[in-house]
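Hi,

Here is the structure I promised to pass on. Have a look at it first, and my notes on what turned up follow below.

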Amino acid sequence: MKCSNTVENIAIRGLSSIFSRNAFNQLLEHNDSSYMVKLVQYYGFSDFLDLSTSAFLKKIYALLIKNYRCEYVYKNELLNDFILKKYGTKNTIVFNEFKVGRSIADIALFNGESKAFEIKSDLDSSARLFSQMFDYTRLFQKCYIVVPEERVDEYLNSVGENVGVIVLKRVKRHLEMEEIQEAASNDYIDPSLVMGCLRTNEYKHLVKTYFDKLPHVSDFDMFDECSKMVKAIPCQDLHRLFLKEIESRKNSYSNIRFVQKELSQICLSMNLSIKNITLLNQRLQASLI
């Protein structure tokens, strides 16, 4: 493909949608890579069509790293280069997009301690950062932002000393994550945010665990009555109980080590089981067309 850098960058931006649930659902459910093929042909990268699907995805991801560090790249590098290395235990639970109040944490991690990661990629602004941190710091014990190396001073001045800062930087031909400010531990937890994050069976179990009983009310009134009881639980105990409920959920985080590193985020996002990951790996060995 011979074109200007601007045109090529636009093409690579278009190719980033290959790392989407739609594309991988088609591949998994129907062994259909036509969506990927159409994108490659449309944007002029037809020389990739002779590759296996696995090699093709590695090529596309390498182009994104070099030219278009979108949110997918940030999440994927955070999982591979930071979370797996630092918290890669069998007891770690990681969620893609965890709703907290009016915000959604890009990555939420639970491993005896709750951690939120908010990504501000090369393409993002800091406009909503204050409101996001306001929500996260009322639920999670530690909060982090993940930012480009070029904008680290801007974000350090925006978040203060309690929020951790992780920098995505280029080292030769690959990317690395570096924690340049450690997150301070937060002792407070907002009972209303806890109730908003838990499923019905989870908040009922939490209440029964602490009080050894549930309120004697109808299902219609159960949420409101449980909310009142949760407000009476001391923060330290509520943190512990909240973690226990979240960590009891089934989660695919431990499975992502069985896929090629370019696909960690898509597998987490789709919450793929070992069975589906095995099937995906089989599909990846075949030719793209």
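Before anything else, a word on exposure: buried means under 20% relative accessible area, exposed means over 50%, and partly exposed is in between, with a 1.4 Å probe and protein chains only. With that in hand, N271 is partly exposed because its relative accessible area is 43%. N271 has a positive phi of about 50° without being a glycine, and is found in the loop between α12 and α13 (274–285). Helices here are DSSP runs of H or I with at least four residues, strands are runs of E with at least two, and both are numbered from the N terminus.

N31 sits in the loop between α2 (21–30) and α3 (34–42), and it counts as partly exposed at 47% relative accessibility.

Two housekeeping points. This is a predicted model, where local features need pLDDT of at least 70 and side-chain atom pairs count only at pLDDT 80 or more, while totals for chains, interfaces and linings use all residues. Residues are numbered from 1 along each chain as its sequence is written, and side-chain values use heavy atoms, leaving out hydrogens and water.

As for the chain overall, there are 13 helices and 6 strands, and 51% of the 289 residues count as buried. The C-alpha atoms fill a box of roughly 70 × 45 × 30 Å along the principal axes.

Now the pockets. A pocket is an open set of points on a 1 Å grid over the protein atoms alone, where a 1.4 Å probe fits, with protein on both sides within 12 Å along at least five of seven lines; lining residues have an atom within 4 Å of a point. Volume is the space filled by probe spheres set on the points, which are joined across faces, edges and corners.

The largest pocket has a volume of about 490 Å³. Its lining has 22 residues, with A62, I65, R173, H174 and L175 nearest the centre. α4 gives the largest share, 8 residues. By class, the lining splits into 5 nonpolar, 5 polar and 12 charged (charged is Asp, Glu, Lys and Arg; nonpolar is Ala, Val, Leu, Ile, Met, Phe, Trp, Tyr, Cys and Pro; polar is the others, Gly among them).

The second largest pocket holds about 240 Å³ of space. F95, N96, E97, R199 and N251 lie nearest its centre, out of 14 lining residues, and β1 supplies the largest share with 6.

Cheers
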